[in-house]
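I opened the file to look up a few features and note them one by one. The entries below follow the order in which I went through them.

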Amino acid sequence: MPTLTLDELKIQLKRAAIVVAALLLVGAVAVVVLWNDRPSLASIDWPHYPTLEPTVDAVSVTWLGVTTLLFDDGETQILIDGFFSRPSLLDMVFGRPVQSDAAAINRAINQYRMRRLAAVIPVHSHFDHAMDIGAIANRSSASILGSETTALIARGAGVPEDQIVLAENGQEYIFGQFTVTLIESAHAPIGWNGATPYAGDIAEPLVTPAPISAWRVGKSYSIIIEHPHGTTIVQGSAGFLDGALDGRQTDVVMLGVAMLEGLGHEYTEQYWQALVTTTGAAHVFPVHLDDYSQPFGEVVLFPRMLDDFTTIAAWLEEFRERWDSDARLHLLEFGKQIVLYPQASPEA
Ligand SMILES: [Zn+2]
């Protein structure tokens, strides 16, 4: 074998470096192109939910992206999640420490008039649901209701103990005319080999800034929000436990759909049956369909390479026809207050 001189070796290394750089560049361009290839909601033609001006005692809900939902009956407000700080994609990818964005939270609280918050209830404790609960509770007298992990997130943010309520599975909690029940459920199995990402609990009060991986999942819940006018179930993550909702009837399901495409058609059908067929829901609103690395207020679907909501939407239509032809699918509009149970409302 001929030996290379030092100069020849340098030339060979230089060529190899150019090839590697070119491959990295092509790879980077491909990722950027694929990242920006996103489906649009425009192709979905589900019927509009009847829109009414909220009257004094109507129950309304306002969707504020991901699974953040503000319920209001004119007297009492209940906030599911409350995710207003939006760590950037780079924060997430590189595990940079993040913390609640005080300005974003103040703006959202003002703009959506959260003056009567009685409870802040995250569907589970991942950052895209629970990272702002402490900051919100500290700006109100609201109770935070959730798992041990949720409580430690609240403590880390300095929320007073008398505003922290540990949820017991199946127990009813009363807030004004609302009765809220948390039923233990499962997180969507979207991690490696069906695992839950950032699984487990946290052991100490969560002090921020911290990387997003610090917000462990804790417990995942189906949240049942009953009111004399009607009932809504919020399922934040697309997981389910067989039989957990047996005997629970509801008017509305807020159905977390993130990453269902990757979980597959069969899984999604079982999920539909567990959440919609079992509960007899008349109206189904998908939530958690928007890319949560976008700024608060911007609803952009996930890139096709991660999760195609238009495929999931077609599956949901199919399951509706097969199992629950009386149920209706609707899209929520960001920031728009809708009356949830128009049949119980005086003008309907
Ligand atoms: Zn999650």
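This is a predicted model: local features need pLDDT of at least 70, side-chain atom pairs count only at pLDDT 80 or more; totals for chains, interfaces and linings use all residues.

**Entry 1. An aromatic pair**

I looked up Trp46 first. Its relative accessibility is 11%, so Trp46 counts as buried. I then asked how many aromatic pairs there are by the ring-centre rule. The count comes to ten aromatic pairs. One of them is Trp46 with Phe309, an edge-to-face pair with 6.4 Å centre to centre and 75° between the planes. Trp46 sits in the loop between α1 and β1 (60-63), while Phe309 belongs to helix α9 (residues 309-323), so the pair ties together parts that are 263 residues apart in sequence.

I went on to Phe296 and Phe334. Their ring centres are 5.3 Å apart and their planes are at 70°, so this pair is edge-to-face. Phe296 is in the loop between β12 and α9, and Phe334 is in the loop between β13 (328-329) and β14 (337-339), so the pair ties together parts that are 38 residues apart in sequence. Is Phe296 buried, partly exposed or exposed? Phe296 has a relative accessible area of 24%, so I put it down as partly exposed. I also noted that Phe296 and Phe334 belong to one aromatic cluster with Trp63 and Phe84.

**Entry 2. The zinc ion**

Which residues coordinate the zinc ion? I found His124 through NE2, His126 through ND1 and His187 through NE2, at 2.1 to 2.2 Å. Along the chain these donors follow the spacing H-x1-H-x60-H. The pair His126 and His187 links distant parts of the chain, 61 residues apart. His126 is in the loop between β4 (117-121) and α4 (127-130), and His187 is in the loop between β8 (178-185) and β9 (220-227). I looked up the cover on both. His126 is at 5% relative accessibility and so counts as buried. His187 is at 13% and is therefore buried.

**Entry 3. Strand β4**

Four of the five residues of β4 are buried, so the strand is largely enclosed by the rest of the structure. I looked up its neighbours next. Strand β3 (residues 77-80) is joined to β4 by four bridges, and the two run parallel. In that pairing Gln77 stands opposite Leu117 of β4. Strand β5 (residues 143-146) is joined to β4 by two bridges, also running parallel. I noted Ile144 in β5 as the bridge partner of Val120.

**Entry 4. The seven-stranded sheet and β11**

In what order do the seven strands of the open sheet lie? I read the order as β7-β8-β9-β10-β11-β12-β13, with mixed pairing. The edge strands are β7 (172-175) and β13, each of which pairs on one side only.

I then took β11 (residues 252-256) for a closer look. Five of its five residues are buried, and the strand is mostly covered. As background, side chains in a regular strand alternate between the two faces of the sheet. In β11, Val252, Met254 and Gly256 point one way and Val253 and Leu255 the other way, and all are buried.

On one side I found strand β10 (residues 230-235), which runs parallel to β11 and is joined to it by four bridges. Ile233 has Val253 of β11 as its bridge partner, and Gln235 stands opposite Leu255. I also checked β12 (residues 283-287), which pairs with β11 in the parallel sense over five bridges. There the bridge partner of Leu255 is Pro286.

**Entry 5. A surface patch**

I ended at the surface. Leu4, Leu6, Leu9 and Leu13 form a nonpolar patch with about 400 Å² of accessible area together. Leu13 is in helix α1 (residues 6-35). Is Leu13 buried or exposed? At 55% relative accessibility, Leu13 counts as exposed, because the cut-off for that term is over 50%.

Definitions and conventions. Residues are numbered from 1 along each chain as its sequence is written. Side-chain values use heavy atoms; hydrogens and water are left out. Buried means under 20% relative accessible area, exposed over 50%, partly exposed in between (1.4 Å probe, protein chains only). Two strands pair if DSSP finds at least two bridges between them. Donors are N, O and S atoms within 2.8 Å of the metal (3.2 Å for Na, K and Ca); water is not among the atoms, so sites may look incomplete. Patches are made of residues with over 30% relative accessible area and no salt bridge: like charges are joined within 9 Å, nonpolar side chains (Val, Leu, Ile, Met, Phe, Trp, Tyr) within 5 Å. Accessible areas come from the Shrake-Rupley method with a 1.4 Å probe; for residues, only the protein chains shown count as cover. A salt bridge is a side-chain nitrogen of Lys or Arg within 4 Å of a carboxyl oxygen of Asp or Glu. Rings of Phe, Tyr and Trp (its six-membered ring) pair if their centres lie within 6.5 Å; planes under 30 degrees apart count as stacked, over 60 as edge-to-face and the rest as tilted.
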